[in-house]
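Trainee: I would like to go through the labels used for this model and ask what stands behind each of them.
Mentor: Go ahead.

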Amino acid sequence: MEKLKIAGYWASSCGGCEIATLEIGDKILKLAEAADIVFWPALVDFKYHDVEQMVDNSIDVCLFNGAIQNSEHEHIAKLLRAKSKIMVAYGSCSYEGCIPGLANLTNREGIFHRAYIETPSTDNPNQTLPQTSYQMPEGKLTLPELYDTVKTLAQTVEVDYFVPGCPPVGKQTWAVLEAIVQGNLPPRGSVIGAGTRALCEECPKTRENKKVKAFYRPHEIIPDPEKCLLEQGLLCAGIATREGCGALCPRANMPCTGCYGPPEGVVDQGARFLSAVASILGVEDEKELSEEDVENLMSQIKDPVGTFYRYSLADSILRRARIK
Ligand code: SF4
Ligand code: SF4
């Protein structure tokens, strides 16, 4: 049987998804029997020029991780799309924008100002900022252009499958690779390597439909390990997150932060989480909360965007902050 040709790419991301692919352990030998890597900058030394020479649709599957934050990411996303039969948004950054997507709270100017001028460890008396091109005596140097808005892969090119997770867990990665090798993939457009329901469905903790009187950050309390963390005032995103990781964080008594994205049918993960939190707010002996009570409870949530939209801001209905 002819071997599959697979490619991988790393755009705006931390690199964790690349490492996560290695979590398949010795199954990598099975993968090597079935597929050849034809482009994957983190693993093998092929150049963009090599991809440009390939015939369109000659790569069977491309696992693309990372959000689209600069002109190089966009160029390579379009190039790999043209060369690949199947394009997979692998991991939360390419699927939803993830942590790089929080850059949508500001713009390029704000990012440059913070990174190259404001930070206490920066020594930049001439306030030099990155340029897209600079003429040296030896020749012209160029850098990709950083965009004001971070986009998901699907906001840039057509995507066939989505693998959630920051990063995707090893067993799910193998399930996806096995399905690719065996040609056993669901309809295009599907989320693969995860279930469809909310994470609470695979969480072993007990829920008692309790109201929450106060919110805590994880370092502020030691929660009862048997009981639902959200009902103990820890902002666990399980209700607004897709099952698939095996409830890794709640099992370790840490709230889920939502990295598997929204469950099937939920358009906006942050809005779903916010509405779940609103529905459990309560103060003892009060049937209805006063506006003051609500304000008091909500003011205990220290980082609303990072709590409700940590992974999904770029893919949400809001998408980005409006900058005047
Ligand atoms: S909210 Fe969190 S702790 Fe509670 S059941 Fe859902 S996943 Fe488990
Ligand atoms: S519990 Fe939540 S944050 Fe933790 S790995 Fe699973 S989906 Fe991601």
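**Labels and their cut-offs**

Mentor: Ala247 sits in the loop between H7 and H8, helices being DSSP runs of H or I with at least four residues and strands runs of E with at least two, numbered from the N terminus. This is a predicted model, in which local features need pLDDT of at least 70, side-chain atom pairs count only at pLDDT 80 or more, and totals for chains, interfaces and linings use all residues. Residues are numbered from 1 along each chain as its sequence is written, while chains are lettered from A and ligands numbered from 1 in the order in which they are written.

Trainee: Why is Ala247 called buried?
Mentor: Ala247 has 20 other C-beta atoms within 10 Å. A residue is buried if 20 or more other C-beta atoms, placed from the backbone, lie within 10 Å of its own, exposed if 12 or fewer, and partly exposed in between, so Ala247 counts as buried. Ala247 also has a positive phi of about 55° although it is not a glycine.

Trainee: What makes Arg251 partly exposed?
Mentor: Arg251 has 14 other C-beta atoms within 10 Å, and therefore falls in the partly exposed class. Arg251 belongs to helix H8 (residues 248-251).

Trainee: Why is Arg319 called partly exposed?
Mentor: The count for Arg319 is 17 other C-beta atoms within 10 Å, so the label is partly exposed. Arg319 lies in the segment after helix H11 (304-308), and its phi is near 65°, a positive value in a residue other than glycine.

Trainee: Which residues are around ligand 2?
Mentor: Among them are Cys245, Ala247, Cys249, Cys256 and Cys259. A residue is near a molecule if its C-beta atom, placed from the backbone, lies within 6 Å of it.

Trainee: How do the residues of the shell around ligand 2 divide into nonpolar, polar and charged?
Mentor: That shell has eight nonpolar, three polar and no charged residues. Ala, Val, Leu, Ile, Met, Phe, Trp, Tyr, Cys and Pro count as nonpolar, Asp, Glu, Lys and Arg as charged, and the others, Gly among them, as polar. By class, the shell around ligand 1 has eleven nonpolar, one polar and two charged residues. Of the 14 residues around ligand 1, Cys200, Cys203, Cys228, Cys236 and Gly238 come nearest.

Trainee: What makes up the largest nonpolar core?
Mentor: It has 73 residues, and those with the most contacts inside it are Cys62, Phe64, Val88 and Ala89. Such a core is a set of buried Ala, Val, Leu, Ile, Met, Phe, Trp, Tyr and Cys residues joined through C-beta atoms within 7 Å. Leaving aside neighbours within four places in sequence, Val88 is in contact with residues including Val61, Phe64, Tyr161 and Val163, a contact being two C-beta atoms, placed from the backbone, within 7 Å.
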